[in-house]
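Open the model in your viewer and keep the selection tool ready. Each stop below gives a selection and then what is there.

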Amino acid sequence: MNYRMVLRTQGVILMLEALFMSIAAFVSVYYGEPTAVMLFMSTGITFLCGIILWLTIKPKEKTVRAKEGLIVTAIAWILLSLFGSLPFIFSKTYPTATDAIFETISGFTTTGATISTNLEAIPNGIMLWRCITHWIGGMGILALAVALLPTLSGGLNFVLKAESPGPEFSKIRPKTSSSAKLLYVIYIMLTLSEFVALLIAGMSPFDAILHSLSTAGTGGFNNYSDSVAHFNSATIEAIITVFMILFGVNFSLYYAVLLGNVKSLFRSEELRWYLGFYAAGTLIITFLVTGNYNGQFLQAFRYTSFTVAATMSTTGFVTTNFDLWPLAAKAIIVSFMFVGGCAGSTAGGMKVVRIALMIKQSFHEVRHSVQPRRVNSIRFEKRTVDNGILHSVAVFFFTHICLVIIGTLLVSLCGQYDFESNLTAVITCICNVGPGLAKLGPAENFAGYHAFAKYVLAFLMLAGRLEIFPMLALFTSASWKKAN
Amino acid sequence: MKILVIGVGKVGQNIAEHLVKEGHDIVVVDEREEVVRHCCDSLDVMGINGNGANVKVLLEAKAEEADMLIATTASDEINMLCCLIAKRLGTGHVIARIRDPEYHDNLNLLQKELDIDMAVNPERATALEIGRLLRFPFANNIEAFARGKVELVEFSAQPNDAVVGVPISDIGKRSLMPRVLYAAVERNDKCIIPDGNFIIEPGDHVFVAADSVTITAYFSYLGKNTTRVKHVMIMGGGRISYYLAKIIIPMGIHVTIIEVDPVKAAKLSDILPEANVILGDGTDQDILEQEDLKKMDAFVTLSDRDEENLMTGLFATKLGVPKVIVKNNRISYGDVLKTIGLDSMVSPKSITSDSILRYARGAINSEGTKVEYLYRLMNGKAEVLEFTAKASDSYIGIQLKDLTSKTGTIVAVIVRNSKIIIPFGNDHIEPGDRVIVISSITGITDLNEVISK
């Protein structure tokens, strides 16, 4: 394994992380908070480690091969999270280091599951750092590194593939670095748009930044215990709903639109499935829950449309305690957690394209068993889907479910809560959504869990964000063998 | 620059690899999905799976914005179609690989009508290369620059050669010895650009450059066998053999071609009346001996299979044939072959890549000194570049010994007003000079990168 290149890349990532940490530190100074010191300390340590790695390690070979690509990504994200938890640890925002690490990983993986018991007490600088982790994690820190330092990109092809969500890695420009740069530009533009929209709707600037960053990464962290319900504003909820859905769309479509090709939006099959799931889910659930809102259809629609958008985009913002909804509605919400957003977006879950492909495959199998001789190919986006992709999607699905089962078993070992809580905790973490049901519901938090459970859930969060295989590759000996 | 490469077999991929290293945006197109995927995995390029002659595919690849399109699929027709359509869509330059001699005969017309900027014929280019090697049998490799005025010759240093065991600066002091520039030395698979203190050892592959007259005199002085090749045997009757025969027969060389396929053999004897066409299996040693392989001055193996070429070539070497030239397409095996005694190897794919890269680099460079010629030595370990010096460049008029030159590069030859100058420290460069540079660093596109104040 090309250890040198791996470590050198870590150096760059840590330096970038320190840069963002310093932003939070400066904001902390602006608000005159004592925690600014801890933020600067964390920045300093992270930057120092980063620059030491960068300067001292000279790789003999600049390329990272396929097998190393997976591990590099996993290690990068683990280190990212460990250093990212320093602000929390130093400022003692949370009781234990485990909690700090859990919160950080929840941040970078854009899950949004929190162990904070008193959000309002968290100082602004730290709060901003929480949301910044969402923003960086959404698009990916490695993508950012490559966008800023094109010279890294040549060897990092496989690493980027591992970090970017979706069954296929497609670029919008020939060079990986140009592609990453453009995607980040679109990302920044969309984030700013939401910020402006929220300002106009009446949010304070600080709140608006936090919510924009959080929506952009489809994370779900914010600064009020009652999440977005705090504002009690249909306008704000509508704006956030729209942007949540937008951030769950494949960014290459936005690139196409920018180039003037608006038709591609209508041609995208994945987008149609995504919006189709959303429309169907919202309508059905609205009818199911009207009873909860005194028969007020419009109110039910308001809360449902927000919640379904939050679930599918895996953001996890909350405007209503959906744990009180009828069972059927809750079941749909949990199922939608698995679906997630589109490939090439910041959303989590299995991704709409995979679900769509598997549904098509199931129909295909049924047709095939009825008429064995008929030749039929599975098509998506007007192209025949390669068998290799179908295979990898099926394996991904199975591995995902296995992790859910094993995860639930492990969490249950701690003997806490009940089955519904533990199962939905696991699902919400691996799908990077945020809230679960019952004891981990929208009005609750993850603080009460045992440390072991927290680590299991944190691992699942990383596995979900990195689409499983990079984290699993950590356990195979083949990945660690020395190449030279 | 934005470049499309249609068809990424060995040649296409090689070209894409070099162009990516030089910083261009490359899009590769191929009908075979695994090939495209493999290309995208190993190179920083965008890949499209489809037929390059299909307008939809070219539009998807944004051919209208592309500066250059290089068509290297297996089919001449598809290559030509790609170029035609792309040019109409708006691509800047289009290059096609065209192998079939039928098309080649009308190449000029084709190029004009179809608006193809450059057509590469690998077989003919290879035949030309082999022809050059046959002119100087003792050399492993010869390349001509500055419109043929300068020759770069590679030879293996033998233990009793006069140049062995002496520092290069001392060799130059011998007044009787013709002065050549020792441009590069390959030792143990490494490329070394020698300075004055370098000592040549037996077994080194030495590259020297000078004008044609001096080169001939130099090798005579060294006692190398400069007798002309009179009898050549060619194994395999394919397109390269055809082109080769057409080149060397007018030079007065007697050609014997051995071909195993009766239909091909018959056709050959039709189109090459002066050649001696033998129907037989060239790998069969009995046939080779029957046809007097021992008496041949040179043996060229041009069958379709690399392995047969290598084994038969080895056999001929052991038999004592003075010059054996082997066609081998596996570019990576080049170094291995030298260790088993096959010094002269031609690779049609390398030659094709080189031609195309040469054209591409020339078209690319609009600022700085234009690269007009590119040749790769030692399997790509070194490059020979030819530039024209411009009046606005920084190194003009300054003596070479006062200029800093990049490590691993050397100014080999200066051609001024048709005069060849082997540069000394106190020579300088004037505007309009053609400067030939040898570099162990790849990707240089500007003379200013090599030498500066």
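Start in chain B. Select B:Gln13, which is found in helix α1 (residues 10-21). Helices here are DSSP runs of H or I with at least four residues, strands are E runs of at least two, and both are numbered from the N terminus. B:Gln13 is buried, at 18% relative accessible area. Buried means under 20%, exposed over 50%, and partly exposed in between (1.4 Å probe, protein chains only). Now show its contacts, leaving out residues up to four places away in sequence: B:Val8, B:His38, B:Cys39, B:Ser42 and B:Leu43. Contact means heavy atoms within 4.5 Å.

A note on the ground rules. This is a predicted model, in which local features need pLDDT of at least 70 and side-chain atom pairs count only at pLDDT 80 or more, while totals for chains, interfaces and linings use all residues. Residues are numbered from 1 along each chain as its sequence is written, chains are lettered from A and ligands numbered from 1 in the order in which they are written, and side-chain values use heavy atoms, with hydrogens and water left out.

**Salt bridges**

Over all chains the count is 24 salt bridges. The rule asks for a side-chain nitrogen of Lys or Arg within 4 Å of a carboxyl oxygen of Asp or Glu.

Select A:Arg130 and A:Glu103. Their closest N and O atoms are 2.8 Å apart, and the two form a salt bridge. A:Arg130 lies in helix α6 (residues 124-139) of chain A and A:Glu103 in helix α5 (residues 97-108), so the pair ties together parts that are 27 residues apart in sequence.

Move to B:Arg99 and B:Glu123. Their side chains meet in a salt bridge of 3.2 Å, N to O. B:Arg99 sits in the loop between β5 (93-97) and α5 (101-105) of chain B, and B:Glu123 in helix α7 (residues 122-135), so this pair ties together parts 24 residues apart in sequence. B:Arg99 is partly exposed, at 22%. B:Glu123 counts as buried, at 8%.

Return to chain A. Select A:Asp323, A:Lys330 and A:Glu420, which are linked in a network of salt bridges. Between A:Asp323 and A:Lys330 the closest N and O atoms are 3.6 Å apart. A:Lys330 is buried, at 10% relative accessible area.

**A packed helix**

Select helix α13 (residues 251-258) of chain A. Its buried residues include A:Phe251, A:Leu253, A:Tyr254, A:Tyr255 and A:Ala256. What do the buried residues of α13(A) pack against? They pack against α6, α10 (176-200), α12 (234-247), α14 (263-267) and α15 (269-289) of chain A. After α13(A) comes A:Gly260, with a positive phi near 105°.

**Charged patches**

Switch to a surface view. Patches are made of residues with over 30% relative accessible area and no salt bridge, and like charges are joined within 9 Å.

Select A:Lys263, A:Arg267, A:Arg272, A:Arg379, A:Lys382 and B:Lys56, which form a positive patch. B:Lys56 is in helix α3 (residues 55-60) of chain B. B:Lys56 is exposed, at 66%.

Finish with B:Asp281, B:Asp284, B:Asp286 and B:Glu289, a negative surface patch. B:Glu289 has its place in helix α12 (residues 285-290) of chain B. At 40% relative accessibility, B:Glu289 counts as partly exposed.

Note on methods
Patches are made of residues with over 30% relative accessible area and no salt bridge: like charges are joined within 9 Å, nonpolar side chains (Val, Leu, Ile, Met, Phe, Trp, Tyr) within 5 Å. Accessible areas come from the Shrake-Rupley method with a 1.4 Å probe; for residues, only the protein chains shown count as cover. Lys and Arg count as positive and Asp and Glu as negative; His and the chain ends are not counted. The place of a charge is taken as NZ of Lys, CZ of Arg, CG of Asp or CD of Glu.
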